[in-house]
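Let's take a friendly walk through some side chains and see how they meet one another. Have the model open beside you as you read.

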Amino acid sequence: MNQDVLKQLYKEYTGAEATEIIELPSSGSNRHYFRLKDGERSLIGAIGTNLKENEAFLYMDEHFHSRGLNVPKVVAISNDRMAYLQEDLGDVSLFASIEKGRKTRVFGEEEKQLIIKTIRMLPEIQFNGADGMDFSHCFPASEFNSRSILWDLNYFKYCFLKATGLEFDEDLLENDFHTMTEVLLRSSSATFMYRDFQSRNVMIKDGEPWFIDFQGGRKGPFYYDVASFLWQAKANFPDSLRQEMIKHYIDALRKFKPVDPHYFNGQLRHFVLFRTLQVLGAYGFRGYFEKKPHFMQSVPFAIANLRDLIREPYTEYPYLSKVLDQLVRMKQFTDELQKHTLTVRVMSFAYKKGIPNDPSGNGGGFTFDCRAINNPGKYDRYKPYTGLDDKVIKFLETESEVGTFLEHAYALVDASVKRYVERGFTNLMVCFGCTGGQHRSVYCAQHMAEHINQKFNVKVELVHREQNIEQTLHAK
């Protein structure tokens, strides 16, 4: 790694000596980056380790500039073309700009606007960037084809799946890999596939997105980049935000081609799975084998993405789906999951004995007052029973407004559970109180607990306090 060549390029281009040269952190790349300054002017220097990869970047950068795309301009190149200088776009990546949202899963308006700008610029790169491009310059492959797909799937198999110690039938797995290849290739198009389109490779300069590290791009389907960006493991986008961004992308895409949203989303789902497997392969190699902590820290996020994906079965890949289900259930991954799984504590109680305390220390949650509901307890024939017994259930469902009451309660609680899950919160309390904690509150708490358990993948602790009944409904 010879910095002298960068200093010489800097002097030749600027006419001044670089008084400061600082190595910049790298992640998965073998290239080395430096910031060179002479007091006022700042440039980024790069030293590559692979001539063909350097040539791919230099060709693409010049081509994208000619198409008016936001990429850093290369201003000087060494004679052997192994080193070059480019514009300095600053230190602020999109990844850093949305840090608050990534950590809380609540993205502010400024953060959302940056994401929207980025996703809406993607079709410009894919279509305008492909216009007039000679894809033979791409490295290591000129197009997204069956060979490159199987490279990535086997990268996942050998560098991640085998490293976990999970046993599987390679022959059956390969059958599904070939099926996935056929499904992905039915979306082939003559567009530019960025391949590593993610928030770390987007710089924010004067409030606008600029794009770097596109040297791995090639001709390929536009779905891949959408999956890469919106399902980037550590970007931590909630699904509601992803769906909003997909709509923005489709709207921008319509400038270049007609789009059927239903087909688009159906096909995108396969690319999300493929990209997730490819990323896990990279994390396995860089983390398990090269011992780079950044990649090991990203594994739980990628596993969480995978766990969410396979909740809706991929019927095209039956054996792969079985293996992935076993993978996400492995103890090394479920232990991490338990730290971030929401527990909803649902309780019934009697107001005369006081509102329950929250044992989690989070200060409680919802408390619904059931005393306006017609009370079966005022009739002697219902006094021996509780809201779990058929006689009381029939009375409440025919002689009271309990159904309407619960519909409103469901809507409020559902919204909170959804947001709590997205933000990684671990505790929510929902209480129902009535006069004696025997009939109305018991009925409502029981139904709320079953409703949450059926609708959400969370743990529910059900407590009928005055009846001394406790039950746990586990996440499915």
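## Aromatic rings and a buried arginine

Y194 and F197 are both buried. Keep in mind that this is a predicted model. The rings of Y194 and F197 pair edge-to-face, with 5.1 Å from centre to centre and 75° between the planes. Y420 and F425 also make a pair, and it counts as edge-to-face because the planes stand at 80°, with the ring centres 5.0 Å apart. Y420 has 24% relative accessibility, so this tyrosine counts as partly exposed. F425, at 32%, is therefore partly exposed as well.

These pairs belong to a total of 34 aromatic pairs in the structure. One aromatic cluster includes Y194 and F197, along with Y84, F57 and F64 among its members.

| Charged residue | Ring | Distance from ring centre |
|---|---|---|
| R102 | F95 | 3.5 Å |
| K205 | W210 | 5.2 Å |

Now to another arginine: is R31 buried or exposed? R31 counts as buried because its relative accessibility is 4%, under the 20% cut-off. You will find R31 in the loop between strand 1 (20-24) and strand 2 (32-37). Its side chain makes a polar contact of 2.8 Å with the side chain of Y33, and another of 2.9 Å with that of E53. Beyond its neighbours within four places in sequence, R31 is in contact with residues including S26, I47, D213 and Q215. Y84, a member of the aromatic cluster, is also in contact with R31.

Note on methods: Residues are numbered from 1 along each chain as its sequence is written. This is a predicted model: local features need pLDDT of at least 70, side-chain atom pairs count only at pLDDT 80 or more; totals for chains, interfaces and linings use all residues. Side-chain values use heavy atoms; hydrogens and water are left out. Helices (H or I, at least four residues) and strands (E, at least two) are DSSP runs, numbered from the N terminus. Buried means under 20% relative accessible area, exposed over 50%, partly exposed in between (1.4 Å probe, protein chains only). A polar contact is a pair of N or O atoms within 3.5 Å; within protein, one must be able to donate a hydrogen and the other to accept it, and residues adjacent in sequence count only if both atoms are side-chain atoms. Contact means heavy atoms within 4.5 Å. Rings of Phe, Tyr and Trp (its six-membered ring) pair if their centres lie within 6.5 Å; planes under 30 degrees apart count as stacked, over 60 as edge-to-face and the rest as tilted. A charge sits over a ring if NZ of Lys or CZ of Arg is within 6 Å of the ring centre and within 35 degrees of the ring normal.
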